[in-house]
Amino acid sequence: MKAIKIKTIVVLTLLFQMTSCMDLNELNISPNSPVDVSSNYILTHVLSGTAKLYNNLGEPYSSVSGVMQYYQMGTNEAASSVNQYLWPRGSWAEYYENLRNVKIINEKSKTENNKFFEAISLVLRAFIYGTITDLFGDAPYSESLLASEGIYFPKYDEQKYIYKGILEDLKKSSQILADPGISAYKIDANADILYKGNPDKWLKFANSLRLRYCMRVFNKKDEMSKLGIDIVSEFNNASAYAFTSNDDEAFVSYLGIAAENSAPGGPLNEANPNFRTKPCRTIVDTLISRNDPRLQRWVMPVQRKWDYQVTSIVDKSVKTIFGEIYTVKYIPTTNQVIDTSLWVGLPQNMNVVDLLNYNKGDDIAAYHPERSPYISFLHPRYRENIGTYIRMDLMMYSEVEFLLAEAAQKAIFSVTGAEDHYKKGIIASMKRWGIVDGTGGFNFNAYYDNPKVSYNSASNKLERIIDQKWVSLWLEVESWFDWRRTGYPVLITGPVTQYGPAMPLRFMYPLPNPDAKYLVNYDEAVNRLETTSYVPAGQSKDHTYSKMWLLQGTNKP
Amino acid sequence: MKMYRIILGDKRSWTKTLRIMKLSVILLLGSLAAMSATSYSQNTKLNVSTKNSSLIDIFRQIEDQSEFYFYFNKEDIKSKESVSVELKDAVISDILDQVLSNTGLEYKIIDRYVVIKEKGTPDPAVTMQMSHKITGIVTDTSGATLPGVSIVVKGTTNGTITDVNGKYTFSDISENSILLFLFVGMESQEINTGTLTQINVIMAESAIGLEEVVVTALGLKREKKALGYSVGEVKGEELRETPQMNVLNALQGKVSGMRISQMGAAGSSVNIIIRGATSLSNDNQPLFVIDGVPVSNQLNNYFKGADMGNAISDLNPDDIESVSVLKGASAAALYGSRAGNGVILITTRSSLKRGKGIGVSVNSSSLIDIPYDYYPFQYKFGTGKAGAHVFQEGENESWGPQLDVGEKWVQWNSNGVAVPLVSYPNKIKDFFRTGYTLANNIAFDGNNENGYFRLSIGNMKNTGIIPNTDMKRSTINLNTQYKLSDKFSVTVNLNWNESGSGNQVNIDGGDRSSVLRDLYESGAQVNILDLKNYWMPGMEGIMQLKNAPKQNNPYFVANENTNSFSRDRLMSKVQLDWEITKEWSLMGRFTRDAYGEYRESKKAFSTYGQLTGGYTVMDLYNKETNMELNLNYKKKITEDWNINSFVAANRMYMYNKSLNNEAASLIIPDLYTISNGTPGTITYSSTWSQKAIYSVYGMASIDYKGMAYLDLTGRNDWSSTLPAKNKSYFYPAGSLSLLFSEMFTMPKWITYSKLRAGAAQVGNDTSPYALNQYFSVDKDWGNAKQMYMSGTLKNSSLLPERATSKEIGMDWKFLNNRLGLEATYYIVQNKNQVLAISVPVESGATNKLINTGLIESRGWEIRLTTTPVIARDFRWDMNFNFTKNRSYLKELAEGLTNVVFANMEGGSISTYEGGAIGDIWENPLLRVKDKSSPYFDYPLISSSGTYQTDNDPKHIVKIGNSNQDFILSIQPTFTYKAFSLYANIDWNQGGEFYSYTRMFGSNGGKNEDTYGGVPYDKNVDIVDQIKANPDAFFGNWVGGRLAEYGGFPWAASPERFDDASFNPGVYEVKVGGVGTYVENLGGPNTKWLDPMNACRYSIRPFPSKSLYSATYVKLREVSLTYRFPKKWMKKILIQNSSVSLIATNIFEWTAAGVHIDPERAYKPNDGAWTQGMEYYNTMPWTGSLGFKLNFNF
């Protein structure tokens, strides 16, 4: 009897357990992740991500900065892409990752009726798509970001439509931001790591970007006008309320705490201190010839300087205009083809074996291949996690002034006073790097009077403006876009380039998805590219030397 | 009066050795013999002549002259004084009377046997255990003799087998022993010997064919003949007769249709694939069910690049009774969702059931792991990039100066003095060490009429071949059953194990904290032993000593950058069985598998890539519980019809928790706590998830006359992970087994014949929270929180997966089981598989959860068992397992046609709709496409003189497939008396793998074949040679590091060594927009390259250049076992014991011959493996040698 009781109890207990069901649908609600979050949190993610991405285009190992002859690689590492233009396929993955989140901000701004967020989402959308199309050409735009609606293989839109969209987005955002009612909509100042929730700054940024993009498509203004975009009036409209001082600049500061928020050259991101990235001789010599103080912000003197005067090796103390003191060994030489300056840049496009021995003269000692004492290093601030002048620029005030100078020079916009804007551009750039007239021995007028600097002494005004802009855009990708558009500055390639004596024009598309349906879209876009004589015969037109719509028929660069 | 029988056997069988055995051992007396004895003893005349001889000597003299045999107790006569005798032509009684006088001994003569004993002691026969010889012949019912029949004395290990004539002999057998006659396919017989001397046996064929019983789904023990599907099994005997160091070895090669590999060192994850990888998304691992406890076995192969092992690596092989592999869905249908990849049922040992008392079993094994084949790096050139004339110690490449020729350079440890560059060809060997594994296990068991128990305690300790790596495991296993009443019993199983490692090897080739990578990238001029004291003197704990700035010291990594774990796991079961009536029974059980795993990763200060160190701790907890109620009904309906059926319900609940804290940088060196993390670098994450499945299922098995069996099963699951409307899914299965050998009269040589067929479906759910979009949290930006939507597009309308499998097979036994064949052909069609398919990021998602169309696997499984030789003491068995599988992507999903599994430089592993899983693709070399050009098909070289890739995605070419064509495993076993020799040989044919080690080895100038490019004749113009034989040159590099290796002089820089090299082809020069091709064939316009770039651009961008055949033959295991004779062991109370010598992986042949084990060509890929990619983590080939002792008390 007892046994039977036990059996009954056990079986009943089991049955009871079995029937005490949990609600299966309830179980499948994630306890870990939110379904909805405030746009403020997404905004920080997008801003930090976009700033980092955009900044990375100029450094480190940037093939663009190699092309624009800001720097060269001093060893074999990355030399093929930076020095020799063997560019791998580009990647737009992170741009679209950010766009996905920008889209969420945009959608939420409408459902939550926050005009400020809407405007910001438009600015960011324009900025990111702008970067994509500037780099690659045609790109998924109108059908992109619709995976949730089953569109996995969006078509590649023609570039002109993307620029149209960008300019429209920027215009719309500037209209929203210019509305006095905007102050009613709040954004967490802490979350807005660009402008601390200040709509006025955002307005200026939106308008400045409009200037940038109007000028970007300047050579194609007729085609744009067929699409209903009048570049001139757009420009004129935006120029009325763009950046007016360095305080307006769009940049994100590094925090220097962890790898992901620190400068790319610092120890948190570079286990091997970056001495292999060398300033390029082109920029160094340009700065030297103009006695440009920015040189000393960016570049260190050599450790061993060849010298025609000294008769024996002597250590000399070199003090920069910023008061930094370096000890430089002066080495006597009579070699007339050697670079005897204190700041020595590495010539562009050199053979790896030659660059390892560059400017070594008759010195037979072996040096660390990345640390030749005869070639200048970048300033130590480029090997720090954080530094006063090291930041992620999206757009600087100087660029706006140079755009205005160019517009005035072109004389079809309402902007006038080219030289004034040109000067303001230089001053703004100097200020960006902590160089202020009258301090530290810097005299702006003395600098400006240099015939290589002053506007009036230039025979080609546009070249003069863009040359200065190129300097101001040190390690910025924007200088490459200017060069493509104007052919300035005139840069000459060196002995070893992958596809011949010319500079690349675009990024190759990311590795296409192998799906046949994807390739249909991809091929259409590739077919719209225009091959140049530097694209190898039989090679796909998806090449760094093919011309995108923006460059087609412009005879530029 | 006692009656003794004299057994008159073959005289030779009474060996002389018997004489000196204890008296109690044998005595032969008998009245019959006594009659003739008198005459012999009286008629035989003997001469004895001794002086001071021992009694034994005298007995020997007599034996030598006569047929007399003496029996005595040695102790009795040892103490007796020597005697001197001189007798001629005397009868034996005269001699003995004289010799034994004054000794206190007396004698007794029976026939020719003489027994010597102390005077007055009782007749020895009374205390004697009687023993005798038995002979006989075994035949079958038709009168044919049966060779190879096993005859065992029950309760002992004594045994023999019949010879070719069916005859057997037991020379020494106790009265009333029970002989057990066993022969496959025959009814076994037990015969009490009584006092018989001859026992002839007729064995009847077993009425129902094979009595083989296998464990099937839900732990049901079924007769194998009744199954309509293929079940692979490794029986307890097989596991125990050839002792195994780990469960992996126990299974490898023994079951057809199964592929097993282990990536890392001892304790690392075991990768098991049954019938091919049909799932594109998950790890394809089968479900493990250990004593009825479903155990999660997900791969655990990526924590900071190290492999932490999966469930099967936690098991103690000494506890395993048997392993059943349920391969197809038919077999697995009853396990539901997770059985889609097959089920491995492990039954641990319960009581030995050998009678009363406590049994004790002790196993001990020791194994040493000896690395014997190292990847062959080159040792002729040192570190550098710039060619044979420049030493650049800071670089990772080895394209530098020649070694051992007296070139002097300042080196990292030469104190600024230029010293000659010398090679260290034993560099790799010096670094590795001999590993060892010690395993001990003790088990106690006992049983009585009310129940049994078995308690096993095991311990394993391993040290790895890489310094400071280890693995340990402790296990306690308790199996008990108790009958509460005749009809009610309770079974409890507890399997607790604790495993851990102080450091597991980082096998991520992409990580510079990989010991292997750091070791392999050190230059040939580096004496690795100089790095052994890995701290900079005076900077211990802060700065490692190293020879190259962009590397880590491998000793530093091994000792300081450790990845450790400890895992506590308890698998438990409580089961209640109630036999309600003869027909009805009820079973209820609760099972639980839970483990906690603590992982820790340290990075010391000065680690390359993490200069101020780092620390990560991870705390995981996983639990799964099942509650099951099962009502069983079985009935013999008529004489011919039997039915066995059940209905059951189950509730499964799974819970996972994970805490992960990481400090990416530390403040105080050598202090590993999260709170020591640099502010802002600490990240925390905590997640948990749960899922539940409710199920109702049932089975009916109908048996007609033991010749036809039909199984029908059905199951319905309700899973929490699927959308409400798709939550419930039903899947049926049916299988049929027809025994032709029962139905029809077969020729005599066909012993057994069966046809089986099955079709089944398994439904599967998905992981939790796959339906809705959720935001993710990014690392903080200062004091701002960052959140984002990740690229995975969830799917709120997911359907359950359905794997439909169909199989048909035949089982044959021939010649009384001397030959057996099991063959199965199967098709598995996997539909609606939930897959996170990659989509182009511009679509707004990086991957989307979809239900895929159809993946189909087809394959053959063939098992052949043979016994080529059976002789009296010798037996040779030979088993073959053949596996062939191919999986195809038949349909993908609406709008999608390609799945990419992995990308490598210049290619990918991806499959197009209609293609095979595992295809490897390459973007080919760019060649001249203009057919009218004389240079058509010449490689088109870039302006800098290097090969270039054809970038058009439509031009990709298939270069291989990562799957084998077939696997054939052969297991010969030779048994000779107490010895058995077992071997396990695996032959994997076909398939390709991409080797990162080879690719980086070429890129870095570290391979032996990087001295020079394509060989050519120096005396013939190179341009002509290339044109004459373009295929040999195009795609490769021409030149070398020195003139002797094919290098050309540098016309432009004569100061350089002769190492100018080039990539042959043509390049294009455009003049006025018109292009012309210029030959780049070593002639005047050639674009010369340094050897590094010439080699790099010919190999690195093209995966086919580093793609190798995966064909190999491996001698996985050889073991020699000796079972101690029972009679020796009985003295020390040991019942069964054996010693085995084991050697594993002592031989391997690969078709590729690049010293890389194709079996390890997997890239760890968090929670899965990318097959077909060897990821820069080639370990030396390591053989193991050792022994195992087994004692049962």
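**Where the two chains meet**

Modeller: Across the interface of chain B and chain A, 39 residue pairs are in polar contact, with both partners at pLDDT 80 or more. Keep in mind that this is a predicted model.

Colleague: Which element supplies the largest share of the side of chain B that touches chain A?
Modeller: That's strand β33 (residues 682-704) of chain B, with seven residues. By type, the residues on that side of chain B divide into 44 nonpolar, 35 polar and 24 charged.

Colleague: How many residues are in contact between chain B and chain A?
Modeller: 103 residues of chain B are in contact with 99 residues of chain A. Between them the chains bury about 8300 Å², 62% of it on carbon and sulfur atoms. F775(B), W781(B) and E842(B) supply 11% of the area that chain B buries against chain A, more than any other three residues.

Colleague: What makes K550(B) and E370(A) a salt bridge?
Modeller: The closest N and O atoms of K550(B) and E370(A) are 3.1 Å apart. The rule asks for a Lys or Arg side-chain nitrogen within 4 Å of a carboxyl oxygen of Asp or Glu, so the pair qualifies.

**A covered helix in chain A**

Colleague: How do you know that helix α19 of chain A is mostly covered?
Modeller: Nine of the nine residues in α19 (residues 478-486) of chain A are buried. For that label, a residue has to be under 20% relative accessible area. Among the buried ones are W480(A), F481(A) and W483(A), but also charged-type names such as E478(A), D482(A), R484(A) and R485(A).

Colleague: What do the buried residues of α19(A) pack against?
Modeller: Their partners in chain A are α3 (39-56), α4 (63-67), α7 (115-136), α9 (199-216), α15 (397-410) and α18 (461-472). After α19(A) comes G487(A), whose phi is positive, near 80 degrees.

**One serine in chain B**

Colleague: Why is S84(B) called partly exposed?
Modeller: S84(B) has a relative accessible area of 45%. Buried would need under 20% and exposed over 50%, so S84(B) lands in between and is called partly exposed.

Colleague: Where is S84(B) found, and what does S84(B) touch?
Modeller: S84(B) is found in strand β3 (residues 83-90) of chain B. Not counting residues up to four places away in sequence, S84(B) touches T50(B), K51(B) and N52(B). The C-alpha atoms of S84(B) and D765(B), 681 residues apart along the chain, are separated by 96 Å.

Key: Residues numbered from 1 in each chain as written. Chains lettered and ligands numbered in written order. Predicted model: local features only at pLDDT ≥ 70, side-chain atom pairs only at ≥ 80, totals over all residues. Heavy atoms only, no water. Contact = heavy atoms within 4.5 Å. Buried area = accessible area lost by both parts, 1.4 Å probe. Polar contact = N/O pair within 3.5 Å; in protein donor to acceptor, adjacent residues only side chain to side chain. Helix = DSSP H or I, 4+ residues; strand = E, 2+ residues; numbered from the N terminus. Buried < 20%, exposed > 50% of the residue type's maximum accessible area, 1.4 Å probe, protein only.
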